[in-house]
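Please keep the structure open as you go.

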Amino acid sequence: MIIEALKAFLIGIVEGITEWLPISSTGHMILVDEFVKLQVSDEFLKLFLVVIQLGAIMAVLILYFHKLNPFSPKKTSVQKKSTWRLWGMVAIGCIPAAIIGLLFDDWVNEHFYNKVTVAAMLIVYGVAFIVLERRNRRRLREAEAALAAPRGRHARQSYGDVADEAEAQLFKIIDVDEIDWKTALKIGCFQVLAIIPGTSRSGATIIGGMLSGCSRTAAAEFTFFLAIPIMFGWGLVKCLKFFAAGLVMTMTEVVVLAVGIVTAFVMSVIAIKFLMGYIKKNDFTVFGWYRIVVGVLVLGYFVFESMGMLP
């Protein structure tokens with residue numbers, strides 16, 4: 001039991017970090033499973049890899065409790081109305097993933113749940129992040145140059161920071177509360193892409209948010225909030241299927257699940273705080289390069305393994 005608990009602790013660390021950073025939690029979990037094998041039933045393992053995400057979701061609820069709580073006595077009526085509106089946008093954003101996920105989840109798992117797909121998606125979306133951020137930097141430089149250029153006597157004067165004004169022109173939606181239903185639906189469609197292992201749900205929605213005009217902060221926060229109903233719902237479905245099949249957890253499996261959830265929660269708090277602090281001064285390029293490097297290493301490892309060149 002102690003050995004299995006230690007394995008669950010390691011898996012919880014990986015889940016908590018990779019769930020929120022745009023580097024694919026599912027992809028990393030598949031890779032970890034290659035080297036850290038839990039001695040549990042196959043049915044429980046499928047349940048564990050989904051339910052462990054509830055710890056990650058609890059981190060979002062606690063860190064953003066005030067922002068997400070429409071009943072807070074510290075909020076004015078206007079702020080409460082804004083909170084309800086935000087939840088409405090989250091609900092709209094979840095519609096595509098809820099429909100497509102229920103219809104095609106089993107089919108996708110059957111055809112795409114493999115190491116080659118994971119490695120390929122790590123690389124593809126890594127390239128996407130790099131290309132997108134290079135495009136953003138170019139547009140930002142152009143906007144800054146236009147704002148700094150000499151203007152006529154009657155032109156509107158700029159009294160703010162040029163960099164801030166340029167970013168406001170590049171990203172029309174600076175705060176997550178400004179997201180409208182059309183933008184929420186667009187981001188929700190990008191979330192559907194995460195059904196393919198290795199894509200990264202957070203990565204797909206952040207890219208979708210930025211392409212829809214959201215700032216990095218707004219895109220990341222909306223990604224966190226979108227995960228709440230999706231992951232809670234998927235965890236509930238997995239639990240219902242598990243117990244409906246008449247399955248029962250052993251004591252070791254109960255301990256493994258508890259350790260995994262708690263560890264994922266703690267690491268998620270750290271990962272979310274790190275990400276939100278990091279993107280205030282940096283872009284997502286480093287995550288793009290990380291995905292490419294990991295994808296290439298993974299692809300190389302399994303190619304050599306299939307050729308019998310590894311022990």
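1. A residue counts as buried when its relative accessible area is under 20%, and as exposed when that value is over 50%. Bear in mind that this is a predicted model. Phe224 has a relative accessible area of 0%, so this residue is buried. Tyr64, at 11%, is buried as well.

2. How many aromatic pairs does a search of the whole structure find? The count is 13. One of them joins Tyr64 and Phe224: the ring centres are 6.1 Å apart and the planes meet at 50°, so the pair is classed as tilted.

3. Trp107 and Phe112 make another pair, with centres 5.7 Å apart and planes at 65°; planes over 60 degrees apart count as edge-to-face, so that is the label here. Trp107 is partly exposed at 44% relative accessibility, and Phe112 is partly exposed at 29%.

4. Which residues form one aromatic cluster? They are Phe129, Phe274, Tyr278, Phe284 and Phe287.

5. The unreviewed UniProt entry lists several spans as "transmembrane region", including 116–132 and 284–304. In the model, residues 116–132 are 100% helix and 0% strand, with end C-alpha atoms 24 Å apart. Residues 284–304 are 95% helix and 0% strand, and their end C-alpha atoms lie 31 Å apart.

Methods
Residues numbered from 1 in each chain as written. Predicted model: local features only at pLDDT ≥ 70, side-chain atom pairs only at ≥ 80, totals over all residues. Heavy atoms only, no water. UniProt positions renumbered as here; feature names shortened; annotations may be inferred. Helix = DSSP H or I, 4+ residues; strand = E, 2+ residues; numbered from the N terminus. Phe/Tyr/Trp six-rings, centres within 6.5 Å; stacked < 30°, edge-to-face > 60°. Buried < 20%, exposed > 50% of the residue type's maximum accessible area, 1.4 Å probe, protein only.
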